[in-house]
Amino acid sequence: DSRPDLYRSPGSPPSGGYDARNGLPGNQCQPRPSRASAAALAQLPGSILQRIFASVCPQSQDESYGTCEQSSVEDACMLCDLRDLAHCVAVCRKWKQEAVKLLYHSIRIDSVHYCELEAVLAEKRKRRSSFFDRNGEPEDPTQARLKLLSRALREDPVRRGRLVQFLKIPYMLRESCQADLARTIAVTPNLRYVDLPEGLFTDEPACMTLRLEVQARCLELRKMTYMGGSEYSLQALASGRVWTNLEVLELIRIDMEPAMLRQVLGCLGNLRALKISETASVSDETLVWDETMPPFPPLEEFILTNVPNVTAEGLKEWLVLPEARQALKVLTLNGTGVRVWTLQELVSYVPHLKHLSIIDSATAAMPTAAAAPSVQPLCSTSLETLHFEITAAPSAPKYSGATASYYNYLASSLLSGGLPHLRAVYVRDPNFPDLLLGLPPPAPAYADGRAARPASSGSSRGFPAPMLPPQPQFAGASRHRPQGSLSSLNPPPPPSLNHNPNPRFSSNNPFAAAAAAGAGFLNLPAKLEVFTKGDDDQLDWSFVQVGGVGGGGGAGAGMGGPRRGPGGERPLSSYGLGADVLGGRVDGWSSGAGARRSVLVSG
């Protein structure tokens with residue numbers, strides 16, 4: 001009805017048209033399906049259909065090497081998406097031909113529906129045919145789904161089991177239903193990843209049948225874990241007949257001679273990621289060049305956790321090989337013999353390093369540049385993510401401030417402009433952003449609430465600004481303030497382009513010294529995210545984004561929304577080792593731990 005609303009009869013649609021069925025204005029009405037639309041769908045190529053079906057069921061494209069718990073899709077009901085994809089199979093033959101490839105490519109069995117349907121189905125499972133068994137124990141839906149999957153693959157005359165490459169099942173299911181899991185694996189010869197019980201990784205007798213089945217059927221396996229007690233099975237890899245295409249290898253509490261370990265690693269030509277944790281048998285001898293043993297293989301991701309006998313000298317001996325230098329992209333040093341002041345020696349060997357993580361406990365302050373001339377600021381043009389988690393050792397005095405010199409060293413490295421492409425830095429110091437901004441130290445506690453005389457430029461010299469090159473004082477006093485909101489702080493204004501050496505009132509200007517230190521802010525990367533947390537309060541997380549634009553000056557601070565979840569970020573590991581890259585504490589740095597976000601922007 002094109003008449004004005006005043007003259008329109010009650011119940012008539014408004015001007016511009018209205019679609020009561022879709023609730024949209026007439027000019028935005030959705031077109032109705034017709035014979036032409038069905039003909040257009042029939043002419044779509046197979047590649048377009050696969051992209052459409054992948055949007056219907058996103059987990060069908062999951063090709064990660066993470067467990068079922070680590071690779072779940074956020075804000076989605078994966079069982080409902082799988083049901084919708086199965087309905088697409090039943091539409092027509094052409095859709096079936098393309099949808100089946102996705103339906104069996106990456107199979108995932110979930111315990112429950114992550115939607116309102118779970119409550120309805122749980123109530124139906126309680127019902128029994130007998131009146132006296134109405135409140136009986138409901139059946140296990142995950143176990144029933146695994147049995148149906150095993151029967152469907154074993155009885156399928158087309159043998160669609162060869163399409164299955166990834167099989168992910170919950171923890172309790174793979175621990176309790178090993179027989180059904182073995183039957184399923186027997187008809188899936190092209191499996192690249194499967195969730196297996198932990199007993200298989202330790203060579204427990206109860207899992208020996210399953211291990212033999214996996215070794216005989218899954219020749220294309222890409223990831224395997226060996227724990228303490230499975231050294232004999234690990235030595236079988238040296239024969240060259242068991243899992244020769246492994247890309248990810250995890251060694252946990254393994255006690256093996258360096259020569260035998262080098263023989264095992266030398267037979268894995270496709271190895272891309274290696275994790276070694278909680279072992280003292282791996283040392284520099286395992287990494288150095290030896291003509292009597294195969295060379296240590298080049299890796300894209302190398303993760304060392306609680307391996308105290310590996311030092312920087314051993315890593316440098318391995319990185320002498322050109323293949324190792326060019327391939328390494330992720331390096332994690334958690335509780336090793338590598339010290340902070342030797343990091344630059346390692347970083348200079350690796351031209352394509354993207355992620356560096358060092359987690360260590362400090363008992364004393366870091367050596368100064370005068371005492372150790374070899375100490376150099378961090379400098380890398382390829383580094384994008386840095387985990388610099390230095391905490392005080394239990395043996396260190398409580399108020400010694402042993403970690404202050406380490407974070408001063410990191411701040412001077414950032415302000416010197418040696419890390420131009422760094423996107424994120426993780427530290428264990430809640431006041432670390434203050435070092436980057438050059439803020440003055442806090443007022444003493446006894447002066448709180450009193451009218452204090454403004455500090456002059458002469459008196460402010462007693463509190464040196466953060467160390468800027470070319471004379472960094474790595475062991476100097478920490479310029480920290482009590483933890484609080486950065487939105488209440490006003491950083492010093494940038495120095496003017498027409499700088500007057502004798503400005504008016506310069507003798508009592510409280511920002512005179514801090515303004516000179518603020519020039520180092522321009523050397524920071526264009527966009528830097530700083531994640532901080534303290535040592536005592538493990539639930540106190542903070543997020544600061546520092547933005548420095550060349551030619552701009554100054555900084556502002558404010559509080560924003562929560563940090564993005566893992567679904568909106570690029571994974572740190574390409575081989576399912578993201579939690580290990582973060583030192584085993586991937587949940588601690590997420591938004592679920594009560595993160596606060598402070599954003600600092602230039603200008």
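Select Arg222 first: at 10% relative accessibility it counts as buried (under 20% relative accessible area; exposed is over 50%, partly exposed in between, with a 1.4 Å probe and protein chains only). Arg222 forms a salt bridge with Glu247, the closest N and O atoms being 3.5 Å apart (the term needs a side-chain nitrogen of Lys or Arg within 4 Å of a carboxyl oxygen of Asp or Glu). The model is predicted: local features need pLDDT of at least 70, side-chain atom pairs count only at pLDDT 80 or more, and totals for chains, interfaces and linings use all residues. Residues are numbered from 1 along each chain as its sequence is written, and side-chain values use heavy atoms, without hydrogens and water.

Next, select Lys147 and Asp180, whose side chains meet in a salt bridge (3.0 Å, N to O). Lys147 lies in helix H6 (residues 141-154) and Asp180 in helix H8, 33 residues apart; helices are DSSP runs of H or I with at least four residues, strands are runs of E with at least two, and both are numbered from the N terminus. Asp180 is buried at 9% relative accessible area, whereas Lys147 is partly exposed at 40%.

Move to Lys316 and Glu345, a salt bridge with the closest N and O atoms 2.8 Å apart. Lys316 is in helix H14 (residues 312-319) and Glu345 in helix H16 (residues 343-347). Lys316 counts as buried at 14%; Glu345 is partly exposed at 25%.

Then select Glu69, Arg174 and Asp195, which a network of salt bridges links. The count of salt bridges comes to 22.
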